[in-house]
Amino acid sequence: MRLKIQTKFILITIVVVLTACSVGTLIAFHHFVHSYEKTVGERIFAQADGLKVLIEDVTELGLNIGELRGLSQECKKMVVSIPYGRYCFITDKAGKVFYHNDLQQRLKTYTDSVTQNVLNSSKPFSQRYFLKGTGVVYDYSVPLFGSNSDIAGYLRIGVDSRIIYDEVLRLRNFYIVLALVVAAVASFLVYWFFSFGILGPIQKLTEGVSLIGKGNLDYQIDLGTHDEIGDLASAFNVMASNLKKITASRDDLNNEIDRRKKIEEDLRQEKNRAQQYLDVAGIMMMALDTKGDVILINERGCEILGYSKDEIIGKNWFSRFLPHKSVNQVREVHGRLMTGETELLRYHENPIVTKKQEERVILWNNCLLKDKEGKVVGVLSSGEDVTERRRSEKVMTIQKDLGIALSSTHDLKEAVAHLLDAALKIEGFDSGGVYIVDEQKQALVLVAHRGLDLEFVKTSVQYDFQSPQAKLVFEGRPLYKSHTEISLEINLARQREGLRAMAVVPIHDRGKVVAVLNLASHMHQDTPLRTRHAVEVITSSFGGVIERIKVEEDLRTSEEKYRELVQNANSIILRMSKEGNVTFFNEYAQHFFGFSEKEILGKNVVGTIVPLKEDGGRNLKEIIEAICMEPEEHSLNENQNIRRDEKRVWIAWTNRRIINKQGQEEILCIGTDISRRKEAEQQLEKMYLDLQAINKELRGTQDQLLQSEKMVAVGQFSAGVAHEVKNPLAIILLGANVLLKKVSGLDKQEKEHLGMIRNAAERANRVITDLLSLSRDTEVRLGHVSIQEILDDSVSFAKTAFSTQKIVFKKEYPSQTVEVMADKILMEQVFFNLFANAADAIKRRGTITIRANKKIDEKTFQEKLIIEVEDNGEGMPPDVASRIFEPFFTTKEEGKGTGLGLSISYMVLQRHSADIKVESEVGKGTKFTVTFPIKS
């Protein structure tokens, strides 16, 4: 039967109308129930009117509701007369019950929400609510009026809801069933019409049109319907046939256009890839032409200089990016390099100027750029920013020199001068002074100053403890601001001095401020973070130095106050015998080490406050014995000590020989805790080692780049030579073979000579074949291959090749498959070359071990495969191992090797984005490590 879409929609409309009728019937039923509730209410109110009239007639005589008699019985009759009646009671206008069909409820007062609604009404009304134990109840309330027309109380009648719903239950169930049946039939019809009459054909039509649109012009849409949708499907089938004829000739033209676009896209990607290689480098890469103009720079270079590429390319390097003091010298050297008057200095170091006018120190690695004729056309440089390294080295040197100077100083002014001179060596300051906390004068007293006008110094010689300047110092925190912000009073001398940036660094000893270092600059506006750190490092242990010097001065001043002063000194002071036994231990030492005087006196320092060995392995027992024997030669020393809680600390000791009251020799030892300084030194040392590791890694990257350049250069040279030599060699080889086979009458010596010619030509031909392999851009056919399969096949080839030799191949890699993206044939050639090289190293007798393991790179977090080929042969010296991958380099006897096997292996691994390294030691064998990326 053929149904038009219009007819289908008419059927759907009929179904919707039926559904609407069902809904309308349910609404009409709801109105019916509401009307029935109203009718029941009118009937109950009519029954209540008789009792209401009786009560109001009596109350008009002046009686109260509570004085009436017999109303409880009337309430009972009322409940009995009403179907499903639940209660009937009379309350006053406050909700107090006087009459109830249930006598137990009498004199109760109802305060529920239903009662409150009744008390607030002056007219009869009904309400529904839920009564516990009964269910839904209809409450009908009627107000009762007294003699003065005021409300005297309320009559309330409660009826179970079944009075209404039992009578309409049958009719309700009928309508509900009818509505559900009609809705189910309507839903099924709607679903059937939409699914099978409209949506199904439309979905098939959509799928067919999608396939035709994707190019499948042979596809035919078959809906099996004869309506408008079926006609539309037939039209699409005709259109697909026509399109197939039209697009046949156009495809050839599109294929040619696509091929040209692909070539252009490949060229553009190669150019972008080259720039990406430069941009991803962690060092600065830059190229200058003969005039010194910048022709190339990578992202790291732009980051260091602070300019964009457009602001750098084309600009003159010398006039724009170098400090004025070095422009002429560098420009002159560059000019001589371009003309060939001087040789290239490959590594050198010089400063540059950034966009923020900050000088940065760069370590350069240079190479000349030449054209095809060998003429110098520029210079290519890679630069490493070593500014922070140089600054750290400078701070370490300053701190070390200061420590040496302070260790031999016993005068406070001299020590303060050493500190101030060391601080002024730090970049950013040109003047300053040091104040000492003088408890007797109750003031900060200037002890040393540098770079300040005397008139200015006179205004700053001393500050009382109560002065604003002293209060700032006693807050105990370093302060870095401009001079005008810190100074609380500005006089003429201060204005003339012209100070700008200023640093106020309190110096502590055991949490107490004992001095303050003031540093200032006449040029800079603020103090850089690195300068702040350096200042705080060199002042970290100076508080202990101050206290040590004060103790020494007091000891020299008065022997009578010796014990009291020593006991209260803020330094570690002890005496020991020539055997190393403690004879005196001051209170500060007891507090510092955690031992009481009774626990330590008479005991040897080694094993109590001195460990047998330091963390670094130094034997402290031997050092203590040397100090006891010759204290003058060890007057100053630093070593680890140990507290009672096993915590190790660093102490700087001053040792001197003294004579006690009994005339016996003892050694007086005064110590200062320098743990914080040592920690700072260790941090600086770690930073220095980290920088060295980074530098080593960069040099390794440079070596790899140089190796790649060598391979490219050798390959280009080899290709030219090989093609020119291969043909003449073929003729020589052919001629030698012809003479040996076809010329008769040759004597034995002549045949030997021809054989030598043939063998030499065949060896030369093998060398040329290897050269062509090195130079040719061999196609790498990548695919998912098992590394176990590659290694197993390579081992099988090697066993066959070396079957006459006593070589054991030891496999130490997992049996489960590890797949990588690689060219199986080329990778088998690589590992065969490594096995052959190992076989030569062990003199055809020994063990070759092959290992393979996965590893996560700690820097890139990329999963990599590590393959090791290790032999137990003679090994190689470092100068040989460093050249092992160079073309033509071989340690074999003449005629037994070309020196190209490992070079070709290196080239193949590079094309697989893999890496190869060699480790060897004479007499301990050689290990080649191949690092292979695991790609999906």
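Is W317 buried or exposed? At 4% relative accessibility, W317 counts as buried (under 20% relative accessible area, with exposed over 50% and partly exposed in between, using a 1.4 Å probe and protein chains only). Welcome to a predicted model, where local features need pLDDT of at least 70, side-chain atom pairs count only at pLDDT 80 or more, and totals for chains, interfaces and linings use all residues. Residues are numbered from 1 along each chain as its sequence is written, and side-chain values use heavy atoms, leaving out hydrogens and water.

**Aromatic pairs**
- The structure holds 13 aromatic pairs (Phe, Tyr or Trp rings, the six-membered one for Trp, with centres within 6.5 Å; planes under 30 degrees apart are stacked, over 60 edge-to-face, the rest tilted).
- One of them joins W317 and F321 in a tilted arrangement, 5.2 Å centre to centre with 40° between the planes.
- F321 is buried too, at 0% relative accessibility.
- W317 also pairs edge-to-face with W364, at 6.0 Å and 85°.
- W317 lies in helix α8 and W364 in strand β9, so this pair ties together parts 47 residues apart in sequence (helices are DSSP runs of H or I, at least four residues, and strands runs of E, at least two, numbered from the N terminus).
- Ring pairs link Y307, W317, F321 and W364 into a cluster.

**Charges over rings**
- The charged end of R643 sits over the ring of F592, 4.2 Å from its centre (CZ of Arg or NZ of Lys within 6 Å of the ring centre and within 35 degrees of the ring normal).
- K678 lies over the face of W650, 4.5 Å from the ring centre.
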